[in-house]
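Hello,

Please read the notes with the model open.

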Amino acid sequence: MAAFYAIYLDEMKKIKILFTIPNFDTAGSGKALLNIAKGLDKNRFEAEIMCLHSRGAFFKEVQASGLNVHVYPYLSPARPYLQLLKNVYRVAQKFKAINPDVIHSFHYAADYTEAMAARLAGKKWVFTKKNMNWGGASKNAWHLRSFLAHRIAIQNTDMKKQFYAKNHKTRLIPRGVNTQFFNAPKSATPSDSMQDKPATDRRFLICVANFVPVKGIEYLLQAFNSLAHQYPQWHLLLVGDDSNEYGKFLKDMVQSLTLEDRVKFTGKVLDVRKFLKQAEIFILPTKDKGRREGSPVALLEAMASGKVVLASDIPGVRDQLKSFPQHLVQPENAKDLANKLEALMTQSSQALNSLGQEFARYVQEQHNIEQEIERHQNLYLEICSL
């Protein structure tokens, strides 16, 4: 009877997941992590979070979630080796004190020191492969990170083909979004200084992105510039943190093209719904180089909002637009982007809205947040059974 009771208690015990992420400065990955952590079945799972610091506006939302958050230096420099071992031991003791059943890393880079600490602590460790970076100086680190993982959550089918063709640890978990959240946008409009046309005559293109060079926004500006004179009612919204060097480069480009009255930089925005509501066409012109996209949430959010989308034909995007191949654009090709943009810009708002609803239905069926949470729960149950 005592043995039976012990088994019963064990079955009733909640599975604790410790989510780790370096920071919440760039909210994309942070939002994805928080959506999963908050959405787990509370009768079966409990979630805690660990990050390196408390900076970033989105960190306040993480705190407001009610989840236990540990601010702790859990990553270690890989050199010198003696210091690495000391740091790994220190982090392992912290992991033991928190005592999770599974540690899930959302770190985008090829760090393996966290995995070493988790293994030393006797904890199951999984990471989400969030981008298409692999080769170069980080190749060996990626191999080691993958070797130490109990499971690897991959976000698109190209990851499997390119990196893990013979690896049994991978589980495909594409990103999902809260479709209800984006189907009910706030009744707000972007504040802007475009005064050439009455607000009722303006039509908007939009790009929402983390402003880094791999996003290829300069190709969107080139494409828009080739169409701007012919379609004066159309304006472009660029939504993202433009305070870095790449943002300055884009602003200088807008000035040199004399598009200041047609292109609006919004700066960093935590809730993009008010801008998505204004737009009819969303563009994600990511380059086919570097770390590229894993499963771009911004694209899914736009589709869930009923926007017509165009995006580069690259891994991650390819999976998300598999039912809409005609909306894929040759990466780093401003002419192809302009041609496909023009074909949409000539359509009426009613026609674009009707097409946008097809995108919204697709996301609801294939990329809703409930599906992503369920796949993570199944992953954690599988890991705990190892």
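Helix α15 (residues 349-366) lies across β8, β9, β11 and β12 (308-312), and runs at about 65 degrees to β12. Helices (H or I, at least four residues) and strands (E, at least two) are DSSP runs, numbered from the N terminus. Axes are lines fitted to C-alpha atoms, for helices over the stretch in contact, with angles from 0 to 180 degrees between N-to-C directions.

This is a predicted model, in which local features need pLDDT of at least 70 and side-chain atom pairs count only at pLDDT 80 or more, while totals for chains, interfaces and linings use all residues. Residues are numbered from 1 along each chain as its sequence is written, and side-chain values use heavy atoms, leaving out hydrogens and water.

The sheet is open, with 6 parallel-paired strands in the order β10-β9-β8-β11-β12-β13; two strands pair if DSSP finds at least two bridges between them. At the edges, β10 (263-267) and β13 (328-329) each pair on one side only. Parallel strands β8 (residues 203-208) and β11 (residues 279-284) are joined by 3 bridges, and Phe204 has Ala279 in β11 as its bridge partner. α9 also packs on the sheet, touching β8, β9 (234-239), β10 and β11 (contact means heavy atoms within 4.5 Å). The direction of α9 makes about 170 degrees with that of β9.

α9 (residues 217-228) packs against helix α14 (residues 334-345) at an angle of about 55 degrees, with the axes 8 Å apart. Among the residues that meet there are Tyr219 and Leu220 in α9, and Leu337 and Met345 in α14.

Regards
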